[in-house]
Every structure is written in C-alpha cells, then in structure tokens.
Amino acid sequence: MKSISRSRMACAIGIAVLGTPSAYAVNNLALEEVVVTAQKRKQSAMTVPVTVDTFTNQDLENTGALNMEDIQAYIPGLKVGDGVRGGGSTQSSFVIRGIDSSNISTGGDPSVATFLDGVYLPRAAITVPFSDMQRVEVLKGPQGTLFGRNAAAGVVSFIPNAPSKEETEGFVMTKLGSYNLFRVEGMGNLPLSDNLALRLNLLHNQRDAVIDSKGPAAPDPGEQDNQFGRVALRWDTNDKLSMQFAYDIDRVDNGPQARLSISEEFSNYPDPTDRTLETDAMGGGETREMQGFTGKLWYDLTDTTSLTLIGSYRAFETYNLQDEDATADDSVYVDTNNIEDSDIAYFEMQFNVALPWVDAVFGANYSKEDTYQQTALTFSYGAVLELASGMADIPQGLLNTLLGGAIAGRYVTEKMTNEGDFESYGFFSDLDFPITERLNIITGLRYSNDQKSFSWDAPLSDFVVSQALGENFFFNSDGVETASESWDKITGRLVSNYQITDGAMTFLSYSTGYKSGGYDSLNTGTREAPLDPEVVSNIEFGVKGDFFDTRVRTQVALFKMIIDDRQEAIESRSPDSNGAVPAVINTDEDIQGVELTADWLATENLRFGLIYTYREQESSRESYFNAQGEFMVADQVNATSPQEYTVTLDWSPEINYGLLLFHFDYIYEENTEPENEDHQPFFNTVNGYSDDTSLLNARVAWNTPGGGYEMALWGKNLLGNDRVSQPGGLTGTDIGTYHVGIVDPLTYGVDFRVNF
C-alpha cells in the first residue's frame, strides 16, 4: 500500500497553519431543521409530503464524499451505477427503488432526473463533484408534476452554496490519504458592495489506482484525476429584484474502470481478491470536458406573487475506452469506446402565489439538446477465432494455437455513429390548499411533450470477413438511417397531509410520472419501432417528524409503484448477430417496499442513525433473445431486494480545549447475486463472490477554539471487506472472459481545514 508522500504532507501542514481564526461554529449534534426545495418552495424537510432524503455539507465532510457514488449507502432506496462495479464518471446512472436507466444510448433517457442549481443535467454530466455543496436532495417516486422530464422514478437535486452579502468568508481544505490521495478544495465569498456578492470555489482531486496493474497499458485502471471550479455572482438590484449568474467548469481525466478477470484460461491473476489485473487496452481511460452557464432572476411582483426565471447552457465532451476482455492476452482482445459531444439549453419560468387559501406554483420549461455519440468496438483477429470456436464448439485456444502467428497484432474496429436533436417542453401547476389548521390537500397537473430526431450510421469495416459477407459482425446500418417521433403525456399528483403534532406529520399520495419513448443507439430496428414511453404510478404512505422532545427524527415510507413499459437494459444476441450487444426491451414492473431513516439523540453529545430499505419486485417481460442467443418467451420474474442497512454514530465528548467529534458508520448489504437470473454455477468458485458487503468507516475530527482550524483522521473499509460483483462483461458469454468489480480496499488519511 502506497504511503502519503512527504511533500504533500508538508504542503497540507503549511496550509493548515495559515490564516486567522474566525467565529467558532460548534458541531452541534442536535437535530436541526433542514430547508429543502422539493416542492419548488422553501420548506422544512419534515413538513414536505414527499419522501425526500437530504445529505448536508456536514454529512459530506464526515464521509469524505466526492460524488453521489460515495453517499448511496446513506440514502435508502438509492443506488449509483452498477452495484459494486460502479458506473464511472460519464456512464453512471442513478437507481431509485430498483428503477434504473436503460443504457448509455443518447437516444434514450434516464428514469431519474438530475438537477444542478435548478437546471436539468444530461446523464453524462450527473457525476458533478461535491465542491462547496450546501446539500443534496433525493426525492423518491415519480416527480412528474414539478420536475417533469424523466422524473419517472425520482429526482436527485444538487444545491450549491449561493453568494452571500453578509460577510467575507472562505476556507481551504486538504485531504491526504493512502494510494497517494491528494484533494485540495478552496472557497471564497466576497461581498463587493451592499447589493453585490461573489463566490468562488475550486477543487482538485487525485488518487492512484487501488489495485495493482501488471498489464502494458496506461493509465492504471481506477486512477482519479479531476478538477472542478465554479464562480457565482449575485446582484440584489433592489428589494424586489435579484439576479445570479454562475459559470462552472469540470475536467475529468481518470483511468479506465478496474475490471478484474476471473478467467483461468486467459488471465494470470484469476483471483479478484488479489486485487491484481492485467490490461492491454489501447488508449484506455475516461475523460470529460464540461462547462455550464446559468442565469437566475427572482422578482417579487406583489406581496403574494413572485416570478423566477432560469436559463442555462451546458456543453460537454466525453471519452470512455474500456477493456472488455480484462486481460493482456491479445488472442481475446476486445475494447469499447463511447465518445459523446453534446450540448443542452434549458429554460424555466415559475410563478409562486401565496394566499391564505392556497399556496400555488405555476410554470413552464423548455429544453433543447443536440447530441453526438460514437460507439466503437475493437477486437483482435484472435478474438474472432475464439468467437468462432465457441460457436462451432471447438476447444478454447485451439484455432489461435494453429493460426496465431499469422494474425498476431491485427485488429478490427466497428463504429456506430448517432446524432440526435431533442426538444422538450412542459406546463405545470401545483396547488396546496389548507383545509384546516392541520390538514392540507395538494393537487398537481403537468403536460409534457418530447420530440426526438435520431440517426444511425455504421459503415462497413475493412475486416476481410466483413468485406466478403457485406456486413459487420456487430454494428450494422443501411447507410445513414434516420427517424423522428414525438410523445406527450399528462401527469399529476394528489396528496393529503396531516400535521400530527407541531413537529410531525403523515401523508398519503398518488403520483404519476413519465419518461418519453426513444431510440436504441445500437439497434436500428427502433427506427421503425421506437421504445415505448415509460409510465409510472405510485401510491405512498409516509410518516415523518421529530418525536420524544425532538430527540428522535424519523421518516418512514410505504410505497407501491407500477411501471408500464419500463425500458430495461439487457445483453442480447439476435439471430443475425455474431455476439451479444447491449439492448433495450420493455418490461412491466410492480414494486412495493418500505424505506426508513431515523436519528436518535441519545444525549447532547451522542447521536445514532439508521438507514434501512426493503423491496419486492415483479417483472413481466416481453419476449427477447438473451446473451446466449436463446429466444426467451414473455415471462414473469420475481425478485426481493437484498437486506440493506447503514448504522451511524456521532459522539462529541466534552474536552478542555476545542471540539472533538467521532463519526462511525457501518454499511451492510446482503449478497443475493447467486439468486440472479444471470447467475452460473461456476461463479460460486470466484473468491469474494459470495461475500456480503460489510464496511466499517470512521473519522475523528478536532476543531480549535474559535473554529479557525480543523484536523481529522479517517479510515474506510476498516474490516477489509472483499465483496466482488457478479461476473459479467460483453465478452463473458461468447469468449469466456468474464470479469468482476471489487469494493475499494482499506484506505486511510488525514484532513486539514482552515476557515477564514
């Protein structure tokens, strides 16, 4: 394990001793009020009749989280990416209550909508880092009324800190850790005048790979290198009119994902718990260059009516080349690359009306997105021989032994290029009627319209076999093929919420959501038969609030979601294809479950937390071809979510000098992957495959009197858990080169922070 470099430690200590201490802000363990905007209004989280979980700035500091993947265990019903494997920076997705995005096709949409500072984010942009973030809000269930586009399963909303005119403030924070982790973040808030304020934040994060790479390719899989910056200017022109302008820039230059081969035939390191891999992927890595502009305007039309205008433009370019065979054996070489170059403009207008008899929100939004996507698949001639061997039932390696010398170093690249032009608009209203002092009824309605134009182009490769057959092995199109379609839907919600006490309430809601139809970027057949829209309805009963003299805070939700025509991602090998490729089919889902968050303030200095979720799911699939090319008739699949819970403990003992805070969390997830339909008996021989996730993390922080400085020690995966994911991969079925992901090993480090 690599140690913390001396130069970086010296740099961090130097930063820690600079600056003048400011007013001391005590880490109070009391259950303080959290204000959210889950209903397009500023409200206490405990009074919003929606299941919403928040992750505050203090939570981010305690966990050392950089992005959403780091906090998924603390929000019930939320997953990020593909379980243990994760999803990387450009192909990640959010999964809420078991509903995830169909695949990486730009012709489709995610089922969970993501917003940054009130502006919609496309899928490849959702992994923004937590730099000077005030809080994260996760809304469960369809949020089609107020958020609209693609909020079929829920919403993830990032709320950064806004410029403040109140005082000059700032901080510099450095995080050093094992595997040469080096993270520096800084923020400065500067009032420029009585009505003008500027806020700037910068972040740099770098870490070596947490596995040992023996292959010839670079960079090492799992390396991190990313920078983020944001500048915001707020201008309160008068008592009625305020404006804010923000610009952010993001740069990601990471290594490819760490894919550990389990192949006894082709890998020298088939035991994933050795945390050693080989890769020969040419040009492997994951990059993103992104920038965004956002403008906001708030205007008080009257004492009871206000107007909000939002306009934004975001552009990004991504590159994601991954080793699909996860070995350094040229005879089975396969890599994939996904390149995107897209931009999106987003506009929203909102009116808030607060009258004694109704609290109303009316609005409209519009977005226009231009996308370019190129999916490339490169494979060696040897991989073709192995594929042919599998199809002809010839022993692995035999053809390569006989012909390998003649074909060594020869490769084939097939490309599918897609371009899209999408427009979306909607009109919404949401009315909150106070029936009595304790009872409220909310009604909401929205009209959504989506228009999509899409194209496919997969030119014939120069591979001799493809030239002879007149078609590629995997990606084919009849020249440039185009399609255009539009979809629309009316969605809404009806909510009854009752205030049990001044600090607790219960609610019963029925809500609907919608994700438009679309196209599969690798399946030209969707030109004639586009993907059907995904329609979700949800019945939910919830209780939330503070109990026992505000010493217990809890949120419990019982829900039942019905999804018609869910767009589900599978690996499919059709009769006219030579191998399995990602595909999308429509599935009907019936999901029910319970989610719980609870905090108990045992004493003024000791607090416990619990996060728990349980879910049952029934899926009725249409007929399809599986990864082995077998025709599967329409069937029903029943599944139960694994038992998952997270337990947290915060303890702040009284000391004579400064403030001491201990934070512990234990994350448990039952491993039910052997019950998965894609499970194969030989997976049971893979070390770590049968393990449950069992992670113990800890952090101890000390603040100086006055709060000017903070120093902390932290460690993650202190129990050394080695859980691996279910074996998979694009070439697993066809060639036998299955690979897995594995949880990060034990890591540790120190934090230094200076507050100005």
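Reader: Happy to start! What should I know about the model and its numbering?

Author: Residues are numbered from 1 along each chain as its sequence is written. The model is predicted, so local features need pLDDT of at least 70 and side-chain atom pairs count only at pLDDT 80 or more, while totals for chains, interfaces and linings use all residues, and side-chain values use heavy atoms, with hydrogens and water left out.

Reader: Is Thr613 buried or exposed?

Author: Buried means under 20% relative accessible area, exposed over 50%, and partly exposed in between, using a 1.4 Å probe and protein chains only. Thr613 has a relative accessible area of 4%, so Thr613 is buried. Thr613 sits in strand β29 (residues 606–621); strands are DSSP runs of E with at least two residues, numbered from the N terminus.

Reader: Which residues does Thr613 touch?

Author: A contact means heavy atoms within 4.5 Å. Leaving out residues up to four places away in sequence, Thr613 touches Pro76, Gly77, Val594, Glu595, Pro642 and Glu644.

Reader: Now for charges. How many salt bridges are there?

Author: Side chains of opposite charge can pair when their charged atoms come close. Here a salt bridge is a side-chain nitrogen of Lys or Arg within 4 Å of a carboxyl oxygen of Asp or Glu. By this rule the count comes to 41 salt bridges. One of them joins Lys140 and Asp53, at 2.8 Å from N to O. Lys140 is in strand β8 (residues 133–140) and Asp53 in strand β3 (residues 52–56), so this pair ties together parts 87 residues apart in sequence. Both Lys140 and Asp53 are buried.

Reader: What does the pair of Glu540 and Arg97 tie together?

Author: Their closest N and O atoms are 3.0 Å apart. Glu540 lies in strand β26 and Arg97 in the loop between β5 (94–96) and β6 (112–116), so the pair ties together parts that are 443 residues apart in sequence. Glu540 and Arg97 are buried too.

Reader: And backbone geometry: where is Asn180, with its positive phi?

Author: Asn180 is in the loop between β10 (169–177) and β11 (181–193). Its phi is about 55 degrees, although Asn180 is not a glycine. Asp565, also not a glycine, has a positive phi near 60 degrees, and Asp565 is in strand β27 (residues 552–572).

Reader: Which peptide bond is cis?

Author: The one from Ala218 to Pro219 is cis, with omega near 0 degrees. Pro219 is in the loop between β13 (212–213) and β14 (224–236).

Conventions: Helix = DSSP H or I, 4+ residues; strand = E, 2+ residues; numbered from the N terminus.
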